[in-house]
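Trainee: I am new to this structure. Please pick one part and take me through it closely, then show me what lies elsewhere.

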Amino acid sequence: MKRMICFLLILLCLPLGAWADGQEGTSNYLYTMHKEPVAAPPAYTLSYSLIARDYPEIDALDNMVDAYVSDDAIYILCAKRLLVLNHDLSFRSLITGYTDETGKEQKLDSCTGVTVTPNKEIYITQSEKSQILHFNADYTLKRVMGRPEIVGYENVKYRPTKMVVDSAGRLYVISKGMYEGILELNADGSFTRFFGVNEVTFTPWQLIWRVFSTREQRSRQSLWLPSDFTNLCIDQDGFLFATLQGTETETVKRLNAKGQNIIKVATEQPYPSGDLWFNESGFGIPTGPSQFIAVDTNDCGVYICLDTTRSRVFAYNEDHNLLFVFGGPGDREGYFRNPVDVAFIGDNILVLDSLAQSIEIFSPTLYGQALMNAVRNQYQYGYEIAADYWREALSYNHNLTLAYSGIGRMLLRAGRYEEAMEYLKMGEDRNYYDKAYEKVRTATLRQYFVPGAAALVGLIIAGAVISKVRRRRKEAKAA
């Protein structure tokens, strides 16, 4: 309770020195390695907000469901239209229908997800129609992909909601209600396997209750099903990021080719799961743990997750440490009414607010720029340049333990082990602190081993000589 009160006081009474650029931000806090909330300056603030009247070519931005950012365009998907924008958010095109294989004009409807390949081919999922539309780069229909044949699942409804396509042309599709995992399809649409299968986990109390409950009680209990995937994306290394709903632990996963989660954190490090402190109950306030419904990554290993519980965006680096948080529920600037997707546009971040019918663009503050530049240079092995940016970030936020760790790692690689230990200790980086300590210990042993060993040998020789002299004296006196 005391920790929760402390957390609320931090959010309500942030110090004036915590602001960057003189701009007011939202949800300005971080968590320490001990899961304690600490104040932080805003890393991202609202740059501008776009609504339908900013685009004379369209009449509404209602029912927005998904966004995809390609190398040269931004695709905003609504339930009945696809809006294509340039990276400067200027209008490019609007797709409201297509000509099917029979030559009939069809309207877009029941759209739920969009993804685009490097050759600009577009895939749109239609959940209620149980199909995926595949368009050419010129927006003409290439094919309609219906339900794949999955043995044993003939009676399970196929409802594709989100999807991505990898470099080999394989399709990864989330089908709502199919709890076995993500569907992996070949380029021709045929089913290959379930990917990233989730396991059902139980608490000891649930198991005990299940054993001693009656048949009638068990019939009234909800089914114990695996967590359902909500969204996915492919990172710069070809790994699949996916968000899950209905779990308090692994709300986001990074899946390898075997479908295994490769997000590994140290024992003392919290798993990237959004808010670590939250209200379990209450009236008129968000309750329960964070639930991620969208994820996106950039070119330097940073991934952002959208929390639908409290309408916040959480950003993590490649080591799964929390970088910053922004957003929150509300009608004020920088807050969201019903965010549905999040995506990077360079260093800017796009958030779709379905209820407000707006496209929100957030830009980094000076503190955010220093933070992202430090992460980018560290990701590209430019540790010395990264250390300069970490120091700049520290000038805005002294609570940024990640910056102390980044500087400490640079000093470790530069061979300045004792200095590295100081920074790594402040950064609570136990793994690299142990490495620095080992280097200091090894250097100390090397420095003092030879003279120490020589002194020891000298003492042994001296002791032997003295002992021999004393023995001869005793023998001489006896004679």
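Mentor: A patch joins residues with over 30% relative accessible area and no salt bridge: like charges within 9 Å, nonpolar side chains (Val, Leu, Ile, Met, Phe, Trp, Tyr) within 5 Å. Keep that for later. This is a predicted model: local features need pLDDT of at least 70, side-chain atom pairs 80 or more, while totals for chains, interfaces and linings use all residues; side-chain values use heavy atoms, without hydrogens and water. Residues are numbered from 1 along each chain as its sequence is written.

Our part is strand 23, residues 312-316. Helices (H or I, at least four residues) and strands (E, at least two) are DSSP runs, numbered from the N terminus. Strand 23 is mostly covered, with 5 of its 5 residues buried. Buried means under 20% relative accessible area, exposed over 50%, partly exposed in between (1.4 Å probe, protein chains only). Take the two faces in turn. On one side of strand 23 sit R312, F314 and Y316.

Now look at the neighbours. Strands pair if DSSP finds at least two bridges between them. Strand 22, residues 303-307, pairs with strand 23 in the antiparallel sense. That pairing runs over 5 bridges. Within it, F314 of strand 23 stands opposite C305. The hairpin of strand 22 and strand 23 has 4 residues between the strands. S311 in this hairpin takes a positive phi near 55°.

Strand 24, residues 322-327, also runs antiparallel to strand 23. Here, too, the two strands are joined by 5 bridges. A315 has F324 as its bridge partner in strand 24. R312 has G327 as its partner there. The hairpin of strand 23 and strand 24 has 5 residues between the strands. Its H320 takes a positive phi near 70°. Strand 24 has 6 of its 6 residues buried, so the rest of the structure largely encloses it.

A salt bridge here is a side-chain nitrogen of Lys or Arg within 4 Å of a carboxyl oxygen of Asp or Glu.

Next, the wider picture. A search of the whole structure finds 20 salt bridges. One joins K120 to D72, with the closest N and O atoms 3.2 Å apart. K120 is in the loop between strand 10 (111-116) and strand 11 (122-126), and D72 is in the loop between strand 4 and strand 5 (74-78), so the pair ties together parts 48 residues apart in sequence. K120 is partly exposed at 40% relative accessibility. D72 is partly exposed too, at 28%.

R376 and D347 form another salt bridge. Their closest N and O atoms are 2.9 Å apart. R376 lies in helix 4 (residues 366-379) and D347 in the loop between strand 25 (339-345) and strand 26 (348-353), so parts 29 residues apart in sequence are tied together. R376 is buried, with a relative accessible area of 16%. D347 is partly exposed, at 27% relative accessibility. Elsewhere, salt bridges link D59, D62 and R81 in a network.

L61 sits in the loop between strand 3 (44-50) and strand 4 (64-69). L61 is buried, with a relative accessible area of 1%. Its C-alpha atom is separated by 7.0 Å from that of S358. Along the chain, L61 and S358 are 297 residues apart.

R470, R473, K474 and K477 form a positive one. Lys and Arg count as positive, Asp and Glu as negative; His and chain ends are not counted. A charge is placed at NZ of Lys, CZ of Arg, CG of Asp or CD of Glu. R470 is in helix 8, residues 430-478. R470 is exposed, with a relative accessible area of 56%. V457, I461, V465 and V469 form a nonpolar surface patch. Together they have about 320 Å² of accessible area (Shrake-Rupley method, 1.4 Å probe; for residues, only the protein chains shown count as cover). I461 is placed in helix 8.
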